[in-house]
Amino acid sequence: MAGQVLLATGGYDHSIRFWEAPTGLCYKTLQHPDAQVNQLQITSDRNFIAAAGNPSLRLYDIGSGQQSPIRTYDGHTNNVTAVGFQRESKWMFTASEDGTLKLWDLRAAGCQREYESGSPINSVALHPNQTEIISGDREGQIRMWDLRENACSAEVVPDSNKSIQSVSIARDASLLAAANVSGSVFVWR
């Protein structure tokens with residue numbers, strides 16, 4: 001698998017499919033029986049894939065023949081809408097329609113930290129410095145969560161009460177972009 005493009009999809013059919021990018025052929029399917037797949041994220045070493053569902057997250061070993069998840073992360077009370085991994089895949093973060101952002105150490109059981117947004121969270125992005133997470137929620141708020149201070153360090157509402165659908169930050173942290181439900185895109189330097 002080294003050097004090959006790893007393409008995976010998931011959806012409301014409760015399955016995760018892996019595809020050969022050049023041919024478009026599906027070469028592996030995993031069942032995600034408890035819920036639809038809201039989002040997928042692959043670890044940087046390409047060994048694991050996380051599948052966000054309702055209300056849990058499942059972690060699968062990509063290289064094994066095992067169809068079942070190797071670990072389940074419970075703690076959200078509604079759809080898990082976003083998932084991501086820290087650079088070395090030592091921990092991951094999830095966000096949910098329950099209004100929480102959670103941090104999970106992949107080497108330990110349970111949620112290690114929880115941040116309350118107060119509104120369903122649609123999107124999150126990890127800052128390249130690995131110490132801040134940006135979230136966008138349904139009330140149109142973008143928040144910066146400082147993991148060192150364990151608190152929200154900044155908040156902005158670019159277009160009153162219009163749900164933020166997506167947030168993204170450049171790899172060099174030079175730009176932060178957010179898109180809302182009305183199709184507006186906001187960019188900060």
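L175 counts as partly exposed, with a relative accessibility of 33% (buried denotes under 20% relative accessible area, exposed over 50%, and partly exposed the range in between, with a 1.4 Å probe and protein chains only). The model is predicted, so that local features require pLDDT of at least 70 and side-chain atom pairs count only at pLDDT 80 or more, while totals for chains, interfaces and linings use all residues. Residues are numbered from 1 along each chain as its sequence is written, and side-chain values use heavy atoms, with hydrogens and water left out.

L175 lies in the loop between β16 (164-169) and β17 (176-180), strands being DSSP runs of E of at least two residues, numbered from the N terminus. Together with V185 and V187, L175 makes a nonpolar surface patch of about 260 Å². Such patches comprise residues with over 30% relative accessible area and no salt bridge, nonpolar side chains (Val, Leu, Ile, Met, Phe, Trp, Tyr) being joined within 5 Å; areas follow the Shrake-Rupley method with a 1.4 Å probe, and for residues only the protein chains shown count as cover. A salt bridge places a side-chain nitrogen of Lys or Arg within 4 Å of a carboxyl oxygen of Asp or Glu.

An open, antiparallel sheet is formed by four strands in the order β8-β9-β10-β11, where pairing requires at least two DSSP bridges between two strands. Its edge strands, β8 (80-85) and β11 (111-116), each pair on one side only. Within the sheet, β9 (residues 91-96) and β10 (residues 100-105) are joined in the antiparallel sense by five bridges, and W91 has D105 of β10 as its bridge partner.

The disulfide count is zero, a disulfide being a pair of cysteine sulfur atoms within 2.5 Å. For C152, the nearest cysteine sulfur is that of C111, 17 Å away.

Technical notes:
Patch = residues over 30% accessible without salt bridge, like charges linked within 9 Å, V, L, I, M, F, W, Y side chains within 5 Å.
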